[in-house]
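Open the model in a viewer and keep the sequence panel beside it. The stops below are given in the order in which to select them.

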Amino acid sequence: SYTIGKPMRALADAADDVTKNMNKRKIIPDFSYRKDEIGDLSRSLSRMTISLYNRIDNIEKFSADVAHELRNPLTSLRSAIEAFPIIKKESERVKLIKIIQNDIDRIDRLISDISETSKLDAALVFEEKNIMDICEVLDNLITLENIRKQSHPINLKINHEGHKLYALINVHRITQVFSNLFDNARSFSKRGSEILV
């Protein structure tokens, strides 16, 4: 009862507290020193709780960023609309209309970006991830990049000196990120120059 029931009850109570009081950031009891199923459960619950809190923080930050980005064109729109009845010259009114149209386009683009970001965030949560050596992934990618871009001979090197860098990743996404970075680096580099990773 003491070695199994009590820690199980403590973990269950902590999980309930997290569910009921998200704002208080409850900490899961640490039984990670144990080499049994209780230790495994403690570690899993701790990782899950940290991940949950990180997602809440990211959502709050994203919401604040969205509010800030929307406020700028809305402020500009309000100023233009308030000025419109006062201005009598047709040329000045045409300028205001262009400003209003531009701000509406900005808001429309922001809404599209928000929608795409939300879809991507949801997709990333459910994507399959594996523990992989990022250095090995980059070695393979760089070999392919140098073959693919022979017409733009920039040397891609990886300087990891035999080190391993393991991470829980989706290999397709991380490859896409680095391919984009390499393309950007090429576009700002002279032919024959070196990109060092």
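**Before selecting**

This is a predicted model, in which local features need pLDDT of at least 70 and side-chain atom pairs count only at pLDDT 80 or more, while totals for chains, interfaces and linings use all residues. Residues are numbered from 1 along each chain as its sequence is written, and side-chain values use heavy atoms, with hydrogens and water left out.

**Stop 1: a nonpolar patch**

Select Ile4, Met8 and Leu41, which make up a nonpolar surface patch with about 260 Å² of accessible area together. Patches consist of residues with over 30% relative accessible area and no salt bridge; like charges are joined within 9 Å and nonpolar side chains (Val, Leu, Ile, Met, Phe, Trp, Tyr) within 5 Å. Accessible areas come from the Shrake-Rupley method with a 1.4 Å probe, and for residues only the protein chains shown count as cover.

Isoleucine 4 sits in the segment before α1 (5-20). Helices (H or I, at least four residues) and strands (E, at least two) are DSSP runs, numbered from the N terminus. Isoleucine 4 counts as exposed because its relative accessibility is 54%. The classes are buried for under 20% relative accessible area, exposed for over 50%, and partly exposed in between (1.4 Å probe, protein chains only).

**Stop 2: salt bridges**

How many salt bridges does a search of the whole structure find? The search gives 9 salt bridges, each being a side-chain nitrogen of Lys or Arg within 4 Å of a carboxyl oxygen of Asp or Glu.

- Select aspartate 13 and arginine 9, a salt bridge whose closest N and O atoms are 3.2 Å apart. Both residues lie in helix α1, 4 residues apart, about one turn of the helix. Aspartate 13 is partly exposed, at 35% relative accessibility.
- Move to lysine 95 and glutamate 92, whose side chains meet in a salt bridge at 3.8 Å, N to O. About one helical turn separates lysine 95 and glutamate 92, because they are 3 residues apart in helix α3. Glutamate 92 is partly exposed, with a relative accessible area of 28%.
- Then select arginine 106 and aspartate 103, where the salt bridge is 3.5 Å, N to O. Arginine 106 and aspartate 103 are both in helix α3, 3 residues apart, about one turn of the helix. Arginine 106 is partly exposed at 31% relative accessibility, whereas aspartate 103 is buried, with a relative accessible area of 2%.
- Salt bridges that share partners also join Glu145, Asp183 and Arg186 into one network.

**Stop 3: the second largest pocket**

Select Arg55, Asn58, Ile59, Phe62, Thr117, Ser118 and Asp121, the lining of the second largest pocket. About 180 Å³ of space lies in this pocket. On a 1 Å grid over the protein atoms alone, a pocket is an open set of points with protein on both sides within 12 Å along at least five of seven lines, and lining residues have an atom within 4 Å of a point.

Which helix supplies the largest share of the lining? The largest share, 4 residues, comes from α2. Both α2 (37-83) and α3 (90-126) supply at least two lining residues. By type, the lining divides into 2 nonpolar, 3 polar and 2 charged residues.

Stay on threonine 117, which lies in helix α3. Threonine 117 counts as partly exposed because its relative accessibility is 36%.

**Stop 4**

Select valine 18 in helix α1. Valine 18 is buried, with a relative accessible area of 5%. Valine 18 and tyrosine 53 are 35 residues apart in sequence, and their C-alpha atoms are 9.7 Å apart in space.

End at cysteine 135, in helix α4 (residues 134-148). Is cysteine 135 buried or exposed? At 8% relative accessibility, cysteine 135 counts as buried. From cysteine 135 to arginine 191 there are 56 residues in sequence and 25 Å in space, C-alpha to C-alpha.

Key: On a 1 Å grid over the protein atoms alone, a cavity is a set of points where a 1.4 Å probe fits but cannot get out, and a pocket is an open set with protein on both sides within 12 Å along at least five of seven lines; lining residues have an atom within 4 Å of a point. Grid points are joined across faces, edges and corners, and a volume is the space filled by probe spheres set on the points. Ala, Val, Leu, Ile, Met, Phe, Trp, Tyr, Cys and Pro count as nonpolar, Asp, Glu, Lys and Arg as charged, and the others, Gly among them, as polar.
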